[in-house]
Amino acid sequence: VRMNVMHRLGQRFVLDVRLSAYKHLLRQSLSFFEARRSGDIMSRVSNDVNTVEDMVVHGVDTIITDSITVVGTIGIILWMNWKLALIGMAPLPIFLVGVILFARIIRPLYERVREELGDINSRLQESLEGMQVVKAFNREDHEYERFEDDSMEYYRASIKGIWLWSSFFPAMGFMTTLGLIGVIYYGARMTTYGAASPGTIVAFLAYMQHFYNPIRSLVRVHNVFNRALASLARIFDLLDQQPDVEEKADAEPLPRLSGRVEIENVTFRYQTGEIVLEDISVEADPGETVAIVGRSGAGKTSLVNLVPRFYDAMDGRVLVDGYDVRDVTVDSLRSQIGIVLQDTFLFNDTVRNNIRYGRLSATDEEIEEAARKAYATEFIDELPEKFETVIGERGVKLSGGQKQRIAIAR
């Protein structure tokens, strides 16, 4: 029953933490994801959360039961013979100092282990997503060497942690043995002088074993806690991040828009510090087609990204139908903007569900009508299962033009 309850609690804890972390991620601005590797973020939400589960499942109940056992045993041995009790517990202060020093050494190392695991996940994800580039430039060996380097760093950090733990635990075991040796020595002298019976000394030794066994168990759990605390530090670092683009407390939802866009004297820079837009103004009326032309890196995409508030301008205003985008709710703004990204992204799902992503309440008839307007039905009808065809990760089973047409339909 105890194991069932603890594992249920552990799984519930993991569920809550993972959902909270993912919900917090979804609130972050694009700049957050541009500054961090997605593999490391995935490691925090997945691997680090699982490490914390070990603490909940295997640590909490052990701490409670063993702590009660230790406190109860101390009372019994002090009642039996307080002098022998003090001798038996004499190594305890050294033991506690050793535990504290060990935690200060091992916890940063465990944090490094988690960081190295995040590096491995990032490297693996980049290689898989860029496999076409890897093969096009014949860089399989190069990618293997980079992955091997990251894996070796993780291996070295893990081995160092194992060495420290395998050295520390026997040393603490030796300290507890010294306490038992002291009890045996002074207990033998007490029986020689008739101050205690042999049976009393044997019973006292049994209680001393009952005292040190849970302490050794607590030391093992302490190692689990150090691992979990290193992971918790990475999780809390994630949860402490605040989005650059935040909704005002008094933000109001937009009414149905007609589509007038005004960009007034906007200046914008990325976190790198480079100013990409300076005092730019653009107007677009409903039904008007506006092309923004400029050299590569001039800030065309950055300018457009200010309209749905992917970023906020440093100076100036962005207005839709006269409403400042910073004064309205983000949901009501973005729900009325259709976007076809330069780098087309599709989910590993059916054609129908990829198009429906633009409006989750859309009917099958509306989806098929959107596909016709985007001239996508020409190739969809030739797919094995038509609209129910799963198109693979990032739409890998489709050509570039086909992916773009599905994005337009979306």
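Is Asp 279 buried, partly exposed or exposed? Asp 279 is partly exposed, with a relative accessible area of 48%. The legends below return to this residue. The model shown in every view is predicted.

**View 1. The second largest pocket and its lining.**
The volume of this second largest pocket is about 220 Å³. Find Ile 63, Ser 67 and Val 70 among the lining residues. Leu 92, Phe 95, Leu 96 and Val 99 also line the second largest pocket. Ile 215, Leu 218, Val 219, Val 221 and His 222 complete the list. By class, the lining has 10 nonpolar residues, two polar ones and no charged ones.

**View 2. Phe 95 and the largest nonpolar core.**
This core holds 30 residues. Six of them touch the most other members: Phe 95, Phe 168, Phe 204, Met 208, Phe 211 and Ile 215. The elements that give two or more residues to the core are α4, α5 (82–88), α6, α8 (140–192) and α9. The largest share comes from α8, with nine residues. Now look at Phe 95. Leaving out residues up to four places away in sequence, Phe 95 touches Met 172, Thr 176, Ile 215 and Val 219.

**View 3. A second, separate core.**
This core has 18 residues. Among them are Phe 268, Val 276, Tyr 311 and Val 320. Tyr 311 is also one of the residues that line the largest cavity.

**View 4. The largest cavity.**
How many cavities of 30 Å³ or more does the structure hold? The structure holds one. About 50 Å³ of space lies in this largest cavity. Its lining includes Leu 306, Tyr 311, Asp 312, Ala 313 and Gly 316. Arg 317, Val 318, Val 325 and Arg 326 line the cavity too. By class, this lining divides into five nonpolar residues, one polar and three charged.

**View 5. Arg 234 in helix α9.**
Arg 234 is buried, with a relative accessible area of 4%. Buried here means under 20%, so Arg 234 falls in that class. The side chains of Arg 234 and Asp 40 are joined by a polar contact of 3.3 Å. Set aside the neighbours within four places in sequence. Arg 234 is then in contact with Asp 40, Ser 43, Arg 44, Asp 48, Arg 114 and Glu 115. One of these, Arg 114, is the subject of the next view.

**View 6. Arg 114 in helix α6.**
Is Arg 114 buried or exposed? Arg 114 is buried, at a relative accessible area of 12%. A polar contact of 2.9 Å links the side chains of Arg 114 and Asp 48. Neighbours within four places in sequence are again left aside. Arg 114 is then in contact with Ser 43, Asn 47, Asp 48, Thr 51, Ser 231 and Arg 234. Arg 114 and Asp 331 are 217 residues apart along the chain. Their C-alpha atoms are separated by 35 Å.

**View 7. Leu 101 in helix α6.**
Leu 101 is partly exposed, with a relative accessible area of 46%. Compare its position with that of Thr 191. Leu 101 and Thr 191 are 90 residues apart in sequence. From C-alpha to C-alpha, they are 39 Å apart in space.

**View 8. Asp 279 and Asp 321, two residues with positive phi.**
Most residues other than glycine have a negative phi. Asp 279 has a positive phi, near 55 degrees. Asp 279 lies in strand β2 (residues 275–284). As the opening answer said, Asp 279 is partly exposed, at 48% relative accessible area. Where is Asp 321 found? Asp 321 sits in the loop between β3 (315–320) and β4 (323–324). The phi of Asp 321 is positive, about 50 degrees, although Asp 321 is not a glycine. Asp 321 counts as partly exposed, at 24% relative accessibility.

How values were computed: Residues numbered from 1 in each chain as written. Predicted model: local features only at pLDDT ≥ 70, side-chain atom pairs only at ≥ 80, totals over all residues. Heavy atoms only, no water. 1 Å grid on protein atoms, 1.4 Å probe; cavity = no way out; pocket = protein on both sides within 12 Å on 5 of 7 lines; lining within 4 Å. Points joined across faces, edges and corners; volume = space filled by probe spheres on them. Nonpolar A, V, L, I, M, F, W, Y, C, P; charged D, E, K, R; others polar. Helix = DSSP H or I, 4+ residues; strand = E, 2+ residues; numbered from the N terminus. Buried < 20%, exposed > 50% of the residue type's maximum accessible area, 1.4 Å probe, protein only. Polar contact = N/O pair within 3.5 Å; in protein donor to acceptor, adjacent residues only side chain to side chain. Contact = heavy atoms within 4.5 Å. Core = buried A, V, L, I, M, F, W, Y, C linked by side-chain atoms within 4.5 Å.
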